[in-house]
Amino acid sequence: MMSYAVVKGSGYVLVHTPDMIYHNGTTQTTEKLTNPDSEYLKKLPEHIRPYEKVVNYGPNQVYIGNLTPEDLRKYEMPWYDKDIPGASRFGKFGEIMPQDEFIALMKMVDAFDLVKLDKGFTAMVKEKMMNHPLFKDDVPKLKEGEDLADIEKYIQEQHAEGLYHEGKLVGCVKRAHDIDPNLNAHVLFENLVVKASGALAFKHLIDKNNINVADIDYVIECSEEACGDMNQRGGGNFAKAIAEVVGAMNATGSDTRGFCAAPTHALIEAAALVQAGVYENVALVAGGATAKLGMNGKDHVKKGMPILEDVLGGFAVLVSKNDGVSPILRTDLVGRHTVGTGSSPQAVITSLVTTPLDKGGLKITDIDKYSVEMQNPDVTKPAGAGDVPEANYKMIAALGVKRNELDRQDLGTFVEKHGMPGWAPTQGHIPSGVPYLGFAKEDLTTGNLNRVMIVGKGSLFLGRMTNLFDGVSIVMERNTGKAETAGASISEEEVKHMIAEAMRDFASHLLKA
Amino acid sequence: MSMFDGKKVIIIGDRDGIPGPAMEECLKGTGAEVVFSATECFV
């Protein structure tokens, strides 16, 4: 067996998109169609957080690495009414980008001149992007901008989707075809958002981890959107499009889909490609989903809370050949929810958690931290969806009790010790297993953990092709420092040495006798 | 005679809780008729 691949580094970004909640989130666009005069739509503007509040929000500071998940426990819930002292836009994993800069970024990554921005807005964001540490060189791509009258005409006469900032129209995304529904302005808007937010995360991955972007061989994009035209709706390929934006000149790539489970599928695929020696450096990347903005907004407004689903999420992770330091990806300890697994909680946790543990002769308590569905409970609890990570931890613990690996009375402490509070935005694939990879790299190198498990689950049934859902998992471990692992091939020289040692041992026994 | 005899049941399951098919399985062997079963994703 070849040496295990390692998680070399990661980048995590959030983008505050307050105007996109109203214009592009499906909860709101559905409401506009079905109930245009609704109280919810009237009240919504009063429940939008300003950018500073989004930066100061505890879970967001964890996402970009300025706080750890454990730090979050020190703050009593709800978290939205507490500002984090010393919070900052930039963190060790990435940043929280404001909307105006992100709209500029959508223009910068647009390869087909579909994004049109107002002249005045362009001048304003040019200044801001000149000061961004990662996008100075891309400022000329913003060009000079258009007359607002032309942008209004594109929207009114050619079905373009408006881009809004602070309630004002500042640009649009044009359709790329007159009748192709897969190239209409709505689809292109979502796809350009994925491309831009994915590229932002990728840029931070490179920047924060001292990576030479030319060394990246392959990119796996694992978000939930589809790009293609009327002849191939999900033809692809976001991966190569993002690789081009970030200057990964020696990379190609492909898109992996599996609803929210896709990032963990992609992690396993990347580990396998590197371990097999096909590529040395494989990057996973995913951008965010405008459709999910304000998904639980009705409940948040009803409870007098701010709309907390006001950010897009993005992440990028580099998987590389074993460097003897970074945590290894145990491709021999992979869990799979298969077609035949069944859907009872016990069957699900067995397939994802205990089956891989049994393969390695491990107990449930041998995994120091489980990274499951890491949705922020501040968002989900008021909406009636409960504390999702906690529910997952309780199910793992219950199975531990059933297997006699844990005392019933230790259920509560297990959840705290082997679990984490959720901090990721409800952006589907973004909270699923992978938000912890950045912290896992630290916990398994400079920290004091030895073994963690990444679990991703996906709701395949939403696509109406099957009633099944899905899940995969993989164990990550502290690197022993040896590049080769047990079962690795040994040289002829080593075999000779081992035989000689055995002969000497045998001879000494004879002499003693 | 069970409490489900002659009852029509609507099941809405939760992917991270108890999914629809698992509840359907539990109702097999009772007198219940499952008229609708779905699993939803609340996140």
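This is a predicted model: local features need pLDDT of at least 70, side-chain atom pairs count only at pLDDT 80 or more; totals for chains, interfaces and linings use all residues.
Residues are numbered from 1 along each chain as its sequence is written, and chains are lettered from A and ligands numbered from 1 in the order in which they are written.

A residue is called buried if 20 or more other C-beta atoms lie within 10 Å of its own, exposed if 12 or fewer do, and partly exposed in between, with C-beta atoms placed from the backbone. A nonpolar core is a set of buried Ala, Val, Leu, Ile, Met, Phe, Trp, Tyr and Cys residues joined through C-beta atoms within 7 Å. The largest such core has 155 residues, and those with the most contacts inside it are Val219(A), Ile242(A) and Ala283(A). Helix α10 (residues 185-208) of chain A gives the most to this core, namely 14 residues. Helices (H or I, at least four residues) and strands (E, at least two) are DSSP runs, numbered from the N terminus. Two residues are in contact if their C-beta atoms, placed from the backbone, lie within 7 Å. Neighbours within four places in sequence aside, the contacts of Val219(A) include Ile242(A), Ala243(A), Ala248(A), Ala283(A) and Val285(A). In soluble globular proteins, nonpolar side chains tend to be buried together.

Helix α10(A) also meets helix α7 (residues 99-108) of chain A: their axes come within 9 Å and cross at roughly 105°. Axes here are lines fitted to C-alpha atoms, for helices over the stretch in contact, and angles run from 0 to 180 degrees between N-to-C directions. α7(A) and α10(A) are therefore roughly perpendicular to each other, a label for angles of 65 to 115 degrees, as against under 35 for roughly parallel, over 145 for roughly antiparallel and the rest for oblique. From α7(A) the contact takes Phe102(A), Leu105(A) and Met106(A), and from α10(A) it takes Leu192(A), Val193(A), Ala196(A) and Leu200(A). By class, these residues are seven nonpolar, no polar and no charged; Ala, Val, Leu, Ile, Met, Phe, Trp, Tyr, Cys and Pro count as nonpolar, Asp, Glu, Lys and Arg as charged, and the others, Gly among them, as polar. α7(A) is largely enclosed by the rest of the structure, because eight of its ten residues are buried. Among them are Gln99(A), Ile103(A) and Lys107(A).

Next comes a sheet. Three strands of chain A form an open sheet in the order β3-β5-β4, with antiparallel pairing. Its edge strands, each pairing on one side only, are β3 (115-117) and β4 (161-165) of chain A. From one strand to the next the twist averages 35°. β4(A) pairs with strand β5 (residues 168-173) of chain A in the antiparallel sense over five bridges, where pairing requires that DSSP finds at least two bridges between two strands. Glu161(A) stands opposite Val173(A) in β5(A). Helix α9 (residues 148-158) of chain A lies across β3, β4 and β5 of chain A and runs at about 60° to β5(A). α10(A) packs on the sheet too, touching β3, β4 and β5 of chain A, and its direction makes about 95° with that of β5(A).

Several backbone positions deserve a look. Most residues other than glycine have a negative phi, and most peptide bonds are trans. His159(A), in the loop between α9 and β4 of chain A, has a positive phi of about 60°. His159(A) is partly exposed, with 14 other C-beta atoms within 10 Å. Glu166(A), in the loop between β4 and β5 of chain A, has a positive phi of about 55°; with 9 C-beta neighbours inside 10 Å, Glu166(A) counts as exposed. The peptide bond from Met77(A) to Pro78(A) is cis, with omega near 0°, and a cis peptide bond also joins Gly236(A) and Asn237(A), with omega about 25°.

Chain B has one helix and two strands, arranged β-α-β from the N terminus on. Of its 43 residues, 19% count as buried. The contact between the chains takes eleven residues from chain B and 17 residues from chain A. The chain B side has seven nonpolar, two polar and two charged residues.
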